[in-house]
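The sequence and structure are shown first.

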Amino acid sequence: MLNQFLSELRKLVPNERIYTDELRRLGWGTDASFYRHIPKVVIRSDGEAEISLIVGLCRKYKLPFTFRAAGTSLSGQSCTDSVLIVAGKHWERYSMAADRETITLQPGIVGARVNEILKLYGRVFPPDPASIGSAMVGGIVVNNASGMNCGVHANSDRMLVSARIILTDGTVLDTGSEESRRQFRETHPDFLEKIIALRDKVRADKELASRIRTKYSIKNVTGLNLRPLVAYDDPFDIIAHSIVGSEGTLAFLSEVTMKTLRDYPFKASAMVYFLTMKESCEAVVEMKQLKAGDEDLNMSAEQLMVKSAEMLDYMSLNSVDDPVFLQYKKDVDAGKIEGVKPGDYHNLTAILTETKAITHEQLLEKIATIKNCLGRFRLYRPAEFTEDPTVYGKYWAIRSGIFPSVGGTRPVGTSCLIEDVAFPIESLPEATVRLQQLIADHGYSDACIYGHAFEGNYHFILNQSFAEKAEVDRYADMMKAVARLVVEDYDGSLKAEHGTGRNMAPFVRYEWGDKAYDAMRELKAIFDPEGLLNQGVIFNDDPECFIKCLKPLPVLDFNFDAVPDGGQYLMDPTLSTAKETVEQVRRANKCIECGFCEVNCMSCGLTLSSRMRIAVQREIRKLTVTGSDPDRLATLKKQYKYYGDQTCATDGLCSTSCPMKINTGELTHLIRQMDMNESPIGYKVGEFAANHMAGIKSGLRVILDVAHLGHITLGPTLMTSVCRTMNKMGMPLWTTAMPRKKRQPVPSDLTQFIIDRSLPHHTSPRTSDLKVVYFPSCINQTMGLSKESPVKRPLVDEVSQLLHKAGYEVLFPEGMEHMCCGQIWESKGMLDIADRKSGELEAALWKASEQGRYPVLCAQSPCLHRMKMVMHRMHLYEPAEFIMTYLVDRLDFHSIDRHVALHLTCSTREMGVDKDMIALARLCSNNVYLPEGVGCCGFAGDRGFTFPELNKYGLRKLRPQIEANHIEVGYSNSRTCEIGLESNTGIPYMSIVYLVNECTTPKQKESINK
Ligand SMILES: Cc1cc2nc3c(=O)[nH]c(=O)nc-3n(C[C@H](O)[C@H](O)[C@H](O)COP(=O)(O)OP(=O)(O)OC[C@H]3O[C@@H](n4cnc5c(N)ncnc54)[C@H](O)[C@@H]3O)c2cc1C
Ligand code: SF4
Ligand code: SF4
């Protein structure tokens, strides 16, 4: 049956968006939950028509199907063992109402991106889950996800205006379009009648209707959303709002129109420390009574003075080494805290609170009122509000740091679980203390409780092993006890934010009671009569499903002794590349498979993402250790070669959004190094190249010369097609953007820059104290500019001229032609050679800089990045940072109107010099364009030559922007990236130094001295 399904599917969807192989099914099937379900097929969907057809096909073959956005769900609602339909990257369009009060969004736009768009208009997207940097609109709305600020008053249910959905029969309904509603009335009268009948039935039962209203007065995402049945009369509104919180069990959301809110201009926060947890909760209850003026309704949809109150228990404070908590411990041990015995720290509880206002006067008034309220409680320290973003940024960083800290320090092989319950606010003081006790009673001594106290919503983090039955039983017992506490004693919510999924499915009836549960079942049957949509999620008849299909987390303990140079080398503390790599691979064990790295991973969507790489490696590890399925192991290993290894750009951008700071590029480096074992010849070639750098460079110049000759004689079209054919045979790809050779600079060239009197405003650098050591990088010593480039002067000459213009004397390291930072070997996994080369370079630079007296400049940002990682004795700069630090005051800038694009390389971003680069470009041109949605270019050192698809994919969004904005030239700071940029945009890309040199003249002496 699956085969028939697939053969029909292939007629509807291009094959490259259908994954049936072991590796990608595992990778794409992994979500942030602790459940493992491997889909039979993964389909990357592209457009409504396609979804309608796929859904129709699933029904025809009775195959259950699940939708997925970013896969950051925690309760097991975005994984399946059947058909997985991904709606992410191809679903990113949006439009805004003229008054900016509403925004219409496709489901694949990341929440944080929506806020970026709205920020320009002083507005915000109200739902604010902590995962907003990765979670997509589809997942946020369909999970009814929320966070610190939106509470229940501004969640997706309250903010939704209309929805465009695709039903299981393939019908598209847009509840915001009168025409679509009219058609639906004609085609689906039964559907509407059933919705109306259910609405009336629920409302007729006063007790049920009242219970529904009460339960949604606090955060609640357990089960389907019943609020629309009591809140809206119009059946189309009921349909649209039922999608909120439906976790993909009712219909596909293809577009949603949401209200936006105005952002407050004035904000202040305070971290308030209470001497007991109970009092902290009592204070929260009182703060909730403080009402703001009517104007707040327009801003936050709620008239409260306090906008958020986050609780952090003592274990949470401990996990982030909160300085006040550390002091408290000292005070307790010194007997300074009345009634508390030394060693007992469990009472201290912090509430991080925030207030916002439209005017500064209002803000001060609010602060005074809140402080007055807090004054009635026993505080460890007086409450102090701050309006300084740097200071309150630190408070919020402490709050955000709890989860990564706890997750990062958990024992390897355990899962980091985040539970999510809510109590009615008036029960908070008692319920919180009981929850803390209950968790401790089940032996979770390192668990911490924190969360949105203002909404009665707490998360507790547990480090849980599922390796043994006893541990699974412990977890099950605790969850049942939590369910009793929350439901029986307080009528709270078992899931407040994260969705029911498979995790709470067995408890839905228990929490809601029979009548409400039956209403949910009825609603489900109206939308999905065959029960194919997200089977097992929300509705699951297996009472044990929450402890079944648990995800194994085998330890990634590579045999470091098996590297070519032996374990000895990897253990050598002086070899920093190896140390860093080993450290990062160990850190990969902390991965919680949250998927936050995927927004930055350039290969996500082409092959695998960083999360998928780790998930597959874990599976490979499990199969290796257990020996359970050698064929599957062999298949995964084979497929990983291309999808995991060869197409990883090793740029490390994944680490920038990873809560655990895991750089999967380092894992790739290690795997490449291990693979050298199987291919010692590759290692020997690397060794030869390292020992014959100067010869290799000359050889490369010959190749570039031959290619250039081919370009001239064959012409660009014929040459490109010849080279594409050669690339398919495994040869590096040549494109028209390929550089011409660059003659190796010789000492006489270098002198030329020092005595070149033909330069305008000649200064006398020989007599100046201003010196800089310039290492052009081996790439810039070898590769010049492309044939199409509007300028011809090689970069080494250009940099030298600019430095000279600013009065600097240029010093080149001795033996430069033999030198390399080692980047190229690192990227190939030859870590020992990489370290040897960087060691040689460091020695030469140390000498040239007179033991660090003079700054060192390298014109190639990825090389400089590596140098910064492994050399710590000298001041190292890439061009933009160097110019902004040393030259900007020694040059006059004459800005031009040319439309220029800037490409910020990964290394530029990682080194934090992107701001310098932007500022510098803006000094030179009045029309600097920063392309949207372009991160890593995917050239990845030399990978763009051998795997050009990586480069093409990384830059897929660039060319349309270049054309739409009439960009003439692009600037960057990496020659290899520039080659890829030029090939994929059709405009020349070159170092930013060319722009600066063009737009500057030396400053007059008088002004320099000022
Ligand atoms: C570290 C961490 C912190 C988190 N913090 C929060 C938090 O503060 N608050 C919170 O509420 N959640 C939080 N979450 C949970 C999760 O991130 C959110 O629920 C998020 O909104 C899910 O979005 P997603 O894009 O990943 O959706 P997915 O996980 O891909 O999908 C979510 C659900 O929507 C369905 N779906 C997806 N797209 C569609 C579509 N187009 N049509 C129909 N159904 C669809 C899926 O089937 C699934 O059931 C957190 C998760 C992690 C890992
Ligand atoms: S690498 Fe980091 S961001 Fe990516 S899934 Fe693992 S923990 Fe999450
Ligand atoms: S190094 Fe780059 S390509 Fe590789 S996993 Fe990380 S972000 Fe993705």
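## Ligand 1: the shell

Ala, Val, Leu, Ile, Met, Phe, Trp, Tyr, Cys and Pro count as nonpolar, Asp, Glu, Lys and Arg as charged, and the others, Gly among them, as polar. By these classes, the shell around ligand 1 comprises 19 nonpolar, 12 polar and three charged residues. The model is predicted: local features need pLDDT of at least 70 and side-chain atom pairs pLDDT 80 or more, while totals for chains, interfaces and linings use all residues. Residues are numbered from 1 along each chain as its sequence is written, chains are lettered from A and ligands numbered from 1 in the order in which they are written, and side-chain values use heavy atoms, without hydrogens and water.

## Ligand 1: polar contacts

Oxygen atoms of ligand 1 form polar contacts (N or O pairs within 3.5 Å). One lies 2.5 Å from a polar backbone atom of phenylalanine 67, and a polar side-chain atom of threonine 72 is 2.6 Å from an oxygen atom of the ligand. For glutamine 77, a polar backbone atom is 3.0 Å from a ligand oxygen atom. The protein covers 98% of the 970 Å² of accessible area (Shrake-Rupley method, 1.4 Å probe) that ligand 1 has on its own.

## Asparagine 540

Asparagine 540 is buried, with a relative accessible area of 17%, where buried means under 20% (1.4 Å probe, protein chains only). A polar atom of its side chain lies 2.9 Å from the backbone oxygen of glycine 536; the backbone nitrogen of aspartate 542 is 3.1 Å from a polar atom of the asparagine 540 side chain.

Conventions:
A polar contact is a pair of N or O atoms within 3.5 Å; within protein, one must be able to donate a hydrogen and the other to accept it, and residues adjacent in sequence count only if both atoms are side-chain atoms. Buried means under 20% relative accessible area, exposed over 50%, partly exposed in between (1.4 Å probe, protein chains only).
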